[in-house]
Amino acid sequence: MNVDDVDSITVLGAGNMGHGIAEVAALAGYDVVLRDIEDEFVQQGYDKIEWSLNKLAEKDRLSQDDADAALARVSTAVDLGEAVADADVVIEAVPEKMAIKKEVYAELEEYAPDHAVFATNTSSLSITELSEVTERPERFCGMHFFNPPVRMDLVEVISGAHTADETLDLVEDLAESMGKTPVRVRKDSPGFIVNRILVPLMNEAAWIVHAGDATMAEVDATTKYDMGLPMGSFELADYVGIDVGYHVLEYMHEVLGDAYEPCPLLSEKVEEGDLGQKTGAGFYDYEDGAGAEIP
Ligand code: 3HC
């Protein structure tokens with residue numbers, strides 16, 4: 001199969017990443033099925049796609065006609081069999097937990113068409129280990145988007161130990177067809193390339209505050225204004241989800257060692273359920289829509 005044979009893409013998981021990936025795929029002209037385990041979750045994801053497309057149109061990043069056409073290409077499902085019946089490619093963006101993802105792949109293998117390629121949007125977990133749950137490890141790879149997918153150009157295309165070159169070529173072509181710039185990651189190591197750099201940055205920022213060496217606002221101000229990054233570390237953690245960064249760190253800590261020990265500031269937020277923008281509070285408060293205040 002090559003990219004011209006891809007008509008239908010199913011995205012599993014309608015959260016922050018899943019809905020954004022579905023949006024990008026629909027904008028590229030693919031028929032998209034967005035699937036989550038409950039109606040409420042799928043509907044929330046669909047509503048976010050609609051909001052984002054309208055926002056892009058409002059900002060003249062695309063025409064309202066193109067926004068409407070993209071939305072019309074998105075359908076929703078809860079039943080997994082129904083969701084993947086016609087899928088040429090399945091992009092999985094369910095929670096960043098090995099056990100959950102393995103469960104999803106075992107079930108997916110029962111329903112997905114034989115020819116379908118599986119691409120995981122995991123932020124850190126072993127592609128090889130996940131692929132081995134399926135009967136198609138050679139047609140399995142990482143396809144790691146960045147938040148918000150509709151605005152971020154990069155896609156890491158990660159090879160597992162069993163991934164065929166044809167699969168990597170196809171997924172790279174697919175990313176390009178979505179207007180993205182794929183970077184092939186040949187080694188399946190925890191966090192791949194971007195999160196191996198980015199998540200320790202967030203963690204170190206948390207350790208600095210934890211030690212009382214600087215305030216959160218000071219750290220974010222230096223990141224944003226001095227280092228030239230678009231968001232402060234704490235703003236970014238709130239934006240991607242503190243739980244997402246924390247789970248990546250937990251895994252890197254387990255596999256790569258103590259240098260990646262998650263700061264308690266992160267675990268406390270996760271335990272409290274203050275996960276960032278998506279829950280209305282994280283390191284900063286979003287209830288009033290104010291967001292972070294950077295000096
Ligand atoms: N769709 C449409 N519009 C959106 C949007 C979306 N998904 N998200 C935000 N917007 C809107 C905002 O509502 C805002 O609208 P408003 O002006 O009417 O309030 C507008 O876009 C802001 O756009 P601007 O271009 O003016 O803003 P910025 O120049 O600040 O760009 C940004 C926003 C692209 C998010 C920028 O801040 C950025 O690049 N941030 C860093 C993001 C990043 O690093 N992502 C990677 C995270 S790591 C990751 O995802 C990996 C994972 O595995 C952990």
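**Domains, sheet and a helix contact**

Seven residues of domain 1 are in contact with 10 residues of domain 2. On the side of domain 1 that touches domain 2, one residue is nonpolar, four are polar and two are charged. The model is a predicted one.

**Domains**
- The domain assignment places domain 1 at residues 3-185 and domain 2 at residues 195-279.
- Between the C-alpha centres of domain 1 and domain 2 the distance is 26 Å.

**Sheet**
- An open sheet is built from eight strands, with mixed pairing and the order β3-β2-β1-β4-β5-β6-β7-β8.
- Strands β3 (74-77) and β8 (181-185) are the edges, each pairing on one side only.
- On average, neighbouring strands in this sheet are turned by 25 degrees against each other, with direction ignored.
- Parallel pairing over four bridges joins strand β1 (residues 8-12) to strand β4 (residues 89-92).
- Val-11 has Ile-91 of β4 as its bridge partner.

**Helices α8 and α11**
- Helix α8 (residues 194-210) and helix α11 (residues 242-256) have axes that come within 10 Å and cross at roughly 110 degrees.
- Angles of 65 to 115 degrees count as roughly perpendicular, and α8 and α11 are therefore roughly perpendicular to each other.
- From α8, the contact involves Asn-195, Val-199, Met-202 and Asn-203; from α11, the residues are Gly-245, Val-248, Leu-249 and Met-252.
- Five residues of this contact of α8 with α11 are nonpolar, three are polar and none is charged.

How values were computed
Residues are numbered from 1 along each chain as its sequence is written. This is a predicted model: local features need pLDDT of at least 70, side-chain atom pairs count only at pLDDT 80 or more; totals for chains, interfaces and linings use all residues. Two strands pair if DSSP finds at least two bridges between them. Helices (H or I, at least four residues) and strands (E, at least two) are DSSP runs, numbered from the N terminus. Axes are lines fitted to C-alpha atoms, for helices over the stretch in contact, and angles run from 0 to 180 degrees between N-to-C directions. Angles under 35 degrees count as roughly parallel, over 145 as roughly antiparallel, 65 to 115 as roughly perpendicular and the rest as oblique. Two residues are in contact if their C-beta atoms, placed from the backbone, lie within 7 Å. Ala, Val, Leu, Ile, Met, Phe, Trp, Tyr, Cys and Pro count as nonpolar, Asp, Glu, Lys and Arg as charged, and the others, Gly among them, as polar. Domain bounds come from an automatic or database domain assignment.
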